Structures are given as structure tokens and as C-alpha cells.
Amino acid sequence: MIAALLPVDHFLIMFVYALLASAFFALLWRESSRERWKLFATLMASLVLGGLAVAWLMYPFP
Amino acid sequence: MTAVAADARKNPAAPETRKNPVVAAALAWVFPGLGHWYLGRRRIAIPFAVIVTVTFLLGLSFEGRLYSVEAGQPLTILATFAVCGSGILNVVARMLIDSPGGTILSPTYEYGCAYLLTAGLMNLLLMLDAWDIATGRKR
């Protein structure tokens, strides 16, 4: 299994998830190349930065 | 009047090239992107197939769970529906994998479940998209 070979890096797993989800919805919801790149960047930034923000807010809790 | 018939009245030339929406949705379920391939959207079908398949395989490699309905656990119905959305990927994985229930002690178990559920839901969205394209609701 790949998971056994790779280090368990939570950020990397989250980043790959954001990459796949952003690419999927950009292709599904937009037609032109320019609009797709714009939505991809927006979704990617929202997912990654949102994930980091939530992780930072949860840091004080056990 | 169905949506197909209404659209046909607006655009009489469309039905000649239109494909069967049931076949398109069914093919989209069988394998990601196959419905779009059938509809002639081959340039977009390949990235869809790659994205959904990679998401599903990563979910398996992270030792996520291929959900099945469990008595007394109503949420497993929704999870099973989502995972079954992956079509043939789900069927083949259940036949080949020793433990479709995943490895709950694995540190990546929750990630694997999220990836597997997402892959299934993505493919269900592709089914709806293929249906909309075939019926003329989406260009």
C-alpha cells in the first residue's frame, strides 16, 4: 500500500485532496479555460487556507 | 411535456445528434468519464476518469473503508450509497481487497474514508452531468 510507503503527512494528504477536488469542480462547473483556472485557484486556496485556519483554531484543544 | 421534448421544440436540430440520457448516465456510473466519452466530450472525459480513479485508489491505499449497510447504523446507508457511486471501481475493489472494511487502526483510515466517499460522490455528479448534457439542459 502507498500509505505504508509514504510518511503520514496530514498536510500533504489534505493538499492532494484539495488539488483533486478543485480540479474536478473547475472542470465540471466551468467551460472556458480561463474561468476554469480561476475557479481552480479559488477552490484550492479556500480548501488549503481554510483547512490550515481550522487546524490552527483547533490547536489548543486536546 | 418532458424536458427533452421541450428542448427539442426550442432547438429542432438538437435531437438528431442527441444521445440516450439513460445510457449516458449508466455508462457514467460504470466508469468515471465514460458517459462523457459516449456523449462525444472526449477531451473532458479523460481528466474526469483520471481524477475520480486517482481519488478512489488513494482512498484504498490510505486503508479507507468501502462501506456496507449495517443494522442499527443508519448513516452507513448514506455512506454505502456514496461509495457505490464509484461503479465498477467499487465492485472490483471489493473483490480484490482482503478487508473492504478498511483498517481502523491505521493513521490514514479517516483520510481513506473521505477519499473513497468523495470519489463516489464525484462520480454521481458526473452521472447527473452526463444526464443533463444528453437531455440538452447543459451545453
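1. In this predicted model, the contact between the chains draws 13 residues from chain A and 19 residues from chain B. On the side of chain A that touches chain B, the elements that give two or more residues are α1 (2–5) and α2 (10–29) of chain A, and the largest share, 9 residues, is supplied by α2(A). Sorted by class, that side of chain A consists of 13 nonpolar residues, with no polar and no charged ones.

2. As for chain A itself, its secondary structure amounts to 3 helices and 0 strands, which follow one another along the sequence in the pattern α-α-α. Of the 62 residues in chain A, 13% are buried, a figure to read alongside the nonpolar make-up of the side that touches chain B.

3. Two packed helices are described by the angle between their axes and the distance between the axes. Helix α3 (residues 21–30) of chain B packs with helix α8 (residues 109–135) of chain B at an angle of about 160 degrees, their axes lying 8 Å apart. Because angles over 145 degrees count as roughly antiparallel, α3(B) is roughly antiparallel to α8(B), and the crossing of these two helices is right-handed.

4. The residues that form this helix contact can be named on both sides. From α3(B) come B:Pro21, B:Ala24, B:Ala25, B:Ala28 and B:Trp29, and in α8(B) they meet B:Asn123, B:Leu126, B:Met127, B:Ala130, B:Trp131, B:Ala134 and B:Thr135. The residues of this contact comprise 10 nonpolar and 2 polar ones, with no charged residue.

5. On confidence, the model scores ipTM 0.86 and pTM 0.85. The mean pLDDT of chain B is 87, with 88% of its residues reaching 70 or more.

Key: Residues numbered from 1 in each chain as written. Chains lettered and ligands numbered in written order. Predicted model: local features only at pLDDT ≥ 70, side-chain atom pairs only at ≥ 80, totals over all residues. Contact = placed C-beta atoms within 7 Å. Helix = DSSP H or I, 4+ residues; strand = E, 2+ residues; numbered from the N terminus. Nonpolar A, V, L, I, M, F, W, Y, C, P; charged D, E, K, R; others polar. Axes fitted to C-alpha atoms, helices over the stretch in contact; angles between N-to-C directions. Parallel < 35°, antiparallel > 145°, perpendicular 65-115°, else oblique. Left-handed = near helix turned anticlockwise from the far one by under 90°. pLDDT = per-residue confidence, 0-100. Buried ≥ 20, exposed ≤ 12 C-beta atoms within 10 Å, placed from the backbone.
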